Amino acid sequence: MTLPDADPTLFRLLLGRFASGVTVVTARDPAGHPVGMTATSFASVSLAPPLISVCVDQQAETHRALRAGGAFVVNFLAADQETLSRRFAALPSAERFVGLGHRFSPAGIPVLDGALAHLECECFAAHELGDHTLFVGRVTGGTAGDGRPLLYYSGRYSALAE
Ligand SMILES: Cc1cc2nc3c(=O)[nH]c(=O)nc-3n(C[C@H](O)[C@H](O)[C@H](O)COP(=O)(O)O)c2cc1C
């Protein structure tokens, strides 16, 4: 017997009880323009080879860039970067990098200033699952700084207690 899907409201409520860090996934679109979007669906996948994943809505503009394959970067946001999270979720994509401090990874992908860490990835696999695509990245490099992470829980931003 196949049970029906959970009610969408219940599904959202349940997912809201999972606390996560906040990332901005950056890449370049097929025309070479930097793109990026806020994502909390980050997960570690494998140690050897070093793999991570992020799940992206197939309607997202960033999806098109990731679907083309190649390199992308996952930026882990620091506790003081809530405005960056909002920017990469809400501003029109063409405006997201305007006036924003960033440098480029060896593969030419934007790395956001002030991020707690960044992971440089090569697309390893992409699986369409429902209305999202699970992108698996092979990690080729990155940097890790000190500081506190930005957290997301129950539809709100927060930070680790002291
Ligand atoms: C805290 C937070 C977490 C999010 N996590 C994801 C995610 O994991 N995957 C996703 O597809 N969208 C996620 N979103 C929504 C995207 O950031 C948003 O739809 C964005 O505008 C997509 O940009 P694009 O269409 O320019 O690619 C999240 C939004 C917020 C505020």
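Let me begin with a term: a residue is called buried under 20% relative accessible area, exposed over 50%, and partly exposed in between, with a 1.4 Å probe and protein chains only. What we are looking at is a predicted model, in which local features need pLDDT of at least 70, side-chain atom pairs count only at pLDDT 80 or more, and totals for chains, interfaces and linings use all residues. Residues are numbered from 1 along each chain as its sequence is written, and side-chain values use heavy atoms, with hydrogens and water left out.

I will start with the salt bridges, each being a side-chain nitrogen of Lys or Arg within 4 Å of a carboxyl oxygen of Asp or Glu. The structure holds two of them. In one, E82 pairs with R86, and the closest N and O atoms are 2.8 Å apart. Both sit in helix α3, where, being four residues apart, they are separated by about one helical turn; helices here are DSSP runs of H or I with at least four residues, strands are runs of E with at least two, and both are numbered from the N terminus. E82 is partly exposed at a relative accessible area of 31%, and R86 is partly exposed as well, at 47%.

In the other salt bridge, R67 meets E128, with 3.5 Å between the closest N and O atoms. Because R67 lies in helix α2 and E128 in strand β9 (residues 117–129), this pair ties together parts that are 61 residues apart in sequence. R67 is partly exposed, with a relative accessible area of 39%, whereas E128 is exposed, with 53%.

Now to strand β11, which is the place of L150, a residue that is buried, with a relative accessible area of 2%. Although L150 and T23 are 127 residues apart in sequence, their C-alpha atoms are 8.8 Å apart in space.

Finally, the largest pocket, where a pocket is, on a 1 Å grid over the protein atoms alone, an open set of points where a 1.4 Å probe fits, with protein on both sides within 12 Å along at least five of seven lines, and lining residues have an atom within 4 Å of a point. Its lining counts 26 residues, and R12, L15, T40, S41 and H132 lie nearest the centre. Which element gives the largest share of the lining of the largest pocket? That is α1, with five residues. Helix α1, residues 8–16, is also the place of L14, and L14 is partly exposed, at a relative accessible area of 49%.
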